[in-house]
Amino acid sequence: MIELKNVQKVYKTGDETVTALKNINLTIQDGEFIAIVGPSGSGKSTLLHLIGGLDKISDGEILVDGKNLQKLKDKELSHYRNKEIGFVFQDFHLQSHLTLLENVEIPLMFATGKKRKEATMQKKAKELLTLVDVGDRMNHRPAEISGGQKQRTAIARAIINKPHILLADEPTGNLDSQTGKSIIDLLKKLHKKENMTLIVVTHDREIANEAERIVEIKDGKLIESKRSEKFTR
Amino acid sequence: MYYRLAIKNLMSQRLRTFLTTLGLTVGIASLVVFTGLSAGLRQAIYTNILNNGSLTELTVQGKSGGSSLLSLIPTSQTKSHITPQNMADIEKIPHVTKVYPEMNYGNVSSLQISIVGQTFQTDTMIFGMPEEYLADTLTTPELQNEWNNATQNYPAQPYPAILSSRIIDLYNFTVAASSKLPHLTEQELTGLDLKLLPDQSTFFNSVNANTNPETAKLIGFSDKTSLIGVTLPIDVVRKMNQQLDPKYQDSYLQLYVEVDSADHTDEVQQTIDKMGLDTTSTQQQIQTFEQNFRFISLGLSMISFVILIVAGLMIANTFFSATSERKNEIGIFRALGASRTNIQMIFLTEASLLGILGGVVGIIVGLVGEFVLNIIAQKILPDVTNKPASIFLDNWLTLLGIFLLSIFLSTFFAFIPANQAAHLEPLDALNE
């Protein structure tokens, strides 16, 4: 379970202070699929980054399965990002000089604990690339595949460590509507199959309606948290 | 995976990798050449010193004396010679295994020699040495008999004679070179007749006397005999001295003292010094050489050090640039769970790979460089006695050390940029 209690995020740019998030209170149950919507600059990506442990809050608390992210040291936070969180970004963030297979293997490289053999890592990455339908392009580089295939690869990379929480920041933002829909279908499929908590940031209402709950943010404030039309019906 | 990733990263920046490796390669290659040269020169000089006497040998001379030309000339200021009693006392010193005397004819003489169709005459000294001390030259029973029988057959001539090995170098690079005469070898000269003119000198008219010329046959060359004279069997010289002045017949120019172990030379040397005699040892010569050679080694090391520091700064610069350019990659890795240590490891692995590459290529380039430089050196340097086959000397431990140094330097200079990369805030890096 993810709990946000009076979360506040303030950025300082020189003498100027910008409040990106104000007193956000939100609880996300395990296995829930949530869409965070709002206009550009409203603070939805900031919220995602805070949940993902990429950024630190200025005030309040974020508890993930009872763990206070504020109190985690860098090593623990890295472990949290590696094992419990999967990130999917709008512009894929694949390493251009690595093959799709190597890109998917990256999070395994940072996994602590049991040392994995290269062959085991490769086998796991191949299985996931096949699962997301890019198995036939695994030895290609990102420049040689389509946007949809890049995002599928990024999704495979995000779930290789079997995280509990999958965070997607505008995952269809750089894709055409049809490809975008197929990506959302893939995320939904994985969400159901692995029972992951899925949090998608989007400004696309149609995509947001695929979620079980929609959280709306405006000017850094949580405006509304409601069940989506699809699920209300 | 780190190495696979590092190789991919280095391959994706081929030109930068090449230039950085080139800097390191030049540094490592120069270090290989300089250490090889330093060790080679040391080895050559050691060989030269040890050819004149082993580490267990001491040379004993009369007080305030020496083996210089002037000190050998009999004048009123001549230093005290060594007596048979001195020799007997030294033989009794613990750890002394053998004492070999060297005697000189009590007056300056001249040597006349006919080679390459010309007759040369020069001032010379006549020395006498026992057969045992010249074992390196008198290797066959025939030569040994010839040496020993000369005493019994005295004054039958020609006497067997030995010259210093360096005399050929002296002839080849002074007389032959300036007069365009052919170079000579030991083999060509062995068996040559020598004409000795006792008590005759071109430089010291006062010593000239009407003595009969004596003949000798050159039977070999030795590193142990003096450069400034002809060496004959010691008893022949003793008998020649009897003819000249009986006071010389029982006085030695110097003694060569063999000690049972190099650990005891200091002790024996001190005992002899207390007897009022001067001693020098091969160990002392080596120590003096080491003191002087330290400056050469230091100079060569400083050059290598500066080159390696420049190469190291190039590596640091490369990784500072890489940190700046690869912020986004660092951010992605941090988002995917890389800890600060992981980020450091990624950069340091790349640096160590550069070190391995620079080390291997540098050592190969250095060894090839040594090979080429040695060919050039062999052509330029005169063919002197004991000239080494190579002026460079490498051993695998030094090369291994240089290889490890290459890896160490590379990772050392990449450490600060790697640390900087590791401390980037994940989100700031990701947003680059």
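Tutor: Let us begin with a term: helices (H or I, at least four residues) and strands (E, at least two) are DSSP runs, numbered from the N terminus. B:Ala322, for example, lies in helix 10 of chain B. Please note that this is a predicted model, in which local features need pLDDT of at least 70 and side-chain atom pairs count only at pLDDT 80 or more, while totals for chains, interfaces and linings use all residues. Residues are numbered from 1 along each chain as its sequence is written, and chains are lettered from A and ligands numbered from 1 in the order in which they are written.

Student: Is B:Ala322 buried or exposed?

Tutor: A residue is buried if 20 or more other C-beta atoms, placed from the backbone, lie within 10 Å of its own, exposed if 12 or fewer, and partly exposed in between. B:Ala322 is buried, because 23 other C-beta atoms lie within 10 Å.

Student: How is the packing of two helices described?

Tutor: One gives the angle between their axes and the distance between the axes. Axes are lines fitted to C-alpha atoms, for helices over the stretch in contact, with angles from 0 to 180 degrees between N-to-C directions. Here the axes of helix 10 (residues 282-325) and helix 13 (residues 396-422), both of chain B, come within 8 Å and cross at roughly 25 degrees. Helix 10 of chain B is therefore roughly parallel to helix 13 of chain B (angles under 35 degrees count as roughly parallel, over 145 as roughly antiparallel, 65 to 115 as roughly perpendicular and the rest as oblique).

Student: How many residues join chain A to chain B?

Tutor: In this model, 20 residues of chain A are in contact with 17 residues of chain B. Helix 2 (74-83) and helix 3 (100-110) of chain A each give two or more residues to the side of chain A that touches chain B. Helix 2 of chain A gives the most, with six residues.

Student: What does A:Leu129 touch?

Tutor: Leaving aside neighbours within four places in sequence, A:Leu129 is in contact with residues including A:Leu100, A:Val104 and A:Met138.

Note on methods
Contact = placed C-beta atoms within 7 Å.
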